[in-house]
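User: I want to learn how to read the contacts in a model like this one. Can we take it feature by feature?

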Amino acid sequence: MTHRIAIIPGDGIGTEVTPEGQRALEAAARRFDIALDFETFDFASCDYYLEHGRMLPEDWRHTLGEFDALFFGAVGWPEKVPDHVSLWGSLLQFRREFDQYVNLRPCRLLPGIKSPLAGRKPGDIDFYVVRENTEGEYSSVGGTMFEGTDREVVIQETVMTRTGVDRVLKYAFDLAASRPRKKLTSATKSNGIAITMPWWDKRVAAAAEGYPEVSVDQFHIDILTANFVLHPDWFDVVVASNLFGDILSDLGPACTGTIGVAPSANINPEGRFPSLFEPVHGSAPDIAGRGIANPIGQIWSGAMMLEHLGHPEAGRTMLAAIEAVLEEGDERLLTPDLGGQGSTEALGRAIAERIAG
Ligand code: GGG
């Protein structure tokens, strides 16, 4: 069976790291005899917007819906297109229309990387952020009145549905139950956000009844961010609303040395639509075009994609190759965020060679 993969590089360093992700995937495919068929698209980028007046072609749902998975780079270049236009016009459309309601973001201190948190070593930081990915604070419900006057009013509603929240909680509890520590932490703010968040807490408590083996705690988001920095070893699976999950899944990888290595999977667990795999980092226009972006987040996202497509050994091999190259610590290969002088391509090639075996 051939897996059809749509590659959507997007903007900035997305166009530099996706080829390295593809190189690594091709190496894994050769080694494990997996048939992958790639097609690359130029839409979901600000340059496409400047040419066409929109981020996506009209028939994008049909075009991308035919693929088994989407391999995405990054979106956003605020000097070309306002960020909310580029994000809402592309990535958020994919997540919503393809019902990718779980955003799974591993946060792990890899060997060879120095955590900015004193004394932490690999094994000390190893948890998942499970981010609700289709509703919550990322809502298009709201509006503006009296725009540009002293009476200007701006409203944006948070939208939480029982279906939407319960299904992501189920995913997070299932994940926690499958892990040795069996621990789930919920991100809340029910003291200040006094309608949606107490309700979120109630849905967590209701879901917990089905998982007596999972120990559950919760923190308000403010102290939770502090605890990510002070006690990252406390966490196993952290479940959060869309906005809280977005913040936590940048902070978590920052605690592991660099956001450049962090992967993510935007999953439609039922498999009705293609899932999307992308690094957590954005398009980084400040370093785009210099060939120094870290490709590991993209390559690790490729490993998650192969696991999702039913090839766990290939995924594990890709991650082991990343770890081996990091552990060797050759500064000529490591990108500047890892303390080296290497390039995106040099690091990508080194990892692909390891994957090839
Ligand atoms: N590869 C991730 C990416 O392009 N991120 C851009 C961004 O701003 N994302 C916000 C989000 O994930 O909600």
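**Reading the contacts**

Analyst: Start with the ligand. This is a predicted model. The shell around the ligand holds five nonpolar, three polar and two charged residues.

User: Which residues surround the ligand?

Analyst: The ligand is surrounded by A74, V75, G76, L87, L91, D246, E278, P279, G282 and S283.

User: How many residues of each domain are in contact?

Analyst: Eight residues of domain 1 contact twelve residues of domain 2. On the domain 1 side, helix α5 (residues 91-97) gives the most, with three residues. By class, that side has four nonpolar, one polar and three charged residues.

User: Next, helix pairs. At what angle do α8 and α9 cross?

Analyst: Read the distance and the angle together. Helix α8 (residues 221-230) and helix α9 (residues 242-255) have axes that come within 9 Å and cross at roughly 15°. Angles under 35 degrees count as roughly parallel, so α8 is roughly parallel to α9. The crossing of α8 past α9 is right-handed.

User: Which residues of α8 and α9 meet?

Analyst: From α8 come I221, T225, F228 and V229. They meet F244, L248, L251, G252 and C255 in α9. This contact has seven nonpolar, two polar and no charged residues.

User: What about α6 and α7: at what angle do they pack?

Analyst: Apply the angle classes again. Helix α6 (residues 162-178) and helix α7 (residues 196-208) pack at about 45°, with axes 10 Å apart. That angle makes α6 oblique to α7. Their crossing is right-handed.

User: Which residues form the contact of α6 with α7?

Analyst: On α6, the residues are V165, D166, L169, K170 and F173. On α7, they are W200, R203, V204 and A207. The classes are six nonpolar, no polar and three charged. D166, K170 and R203 are the charged ones.

User: One pair remains on my list. How do the axes of α10 and α11 cross?

Analyst: Check direction here. The axes of helix α10 (residues 296-308) and helix α11 (residues 312-328) come within 7 Å and cross at roughly 160°. Angles over 145 degrees count as roughly antiparallel, so α10 is roughly antiparallel to α11. The handedness of this crossing is left-handed.

User: Which residues of α10 and α11 meet?

Analyst: α10 brings I296, I299, W300, G302, A303, M304, L306 and E307. α11 brings P312, A314, G315, M318, L319 and I322. By class, the contact has eleven nonpolar, two polar and one charged residues. E307 is the charged residue.

Methods. Residues numbered from 1 in each chain as written. Predicted model: local features only at pLDDT ≥ 70, side-chain atom pairs only at ≥ 80, totals over all residues. Near = placed C-beta within 6 Å. Axes fitted to C-alpha atoms, helices over the stretch in contact; angles between N-to-C directions. Helix = DSSP H or I, 4+ residues; strand = E, 2+ residues; numbered from the N terminus. Parallel < 35°, antiparallel > 145°, perpendicular 65-115°, else oblique. Left-handed = near helix turned anticlockwise from the far one by under 90°. Contact = placed C-beta atoms within 7 Å.
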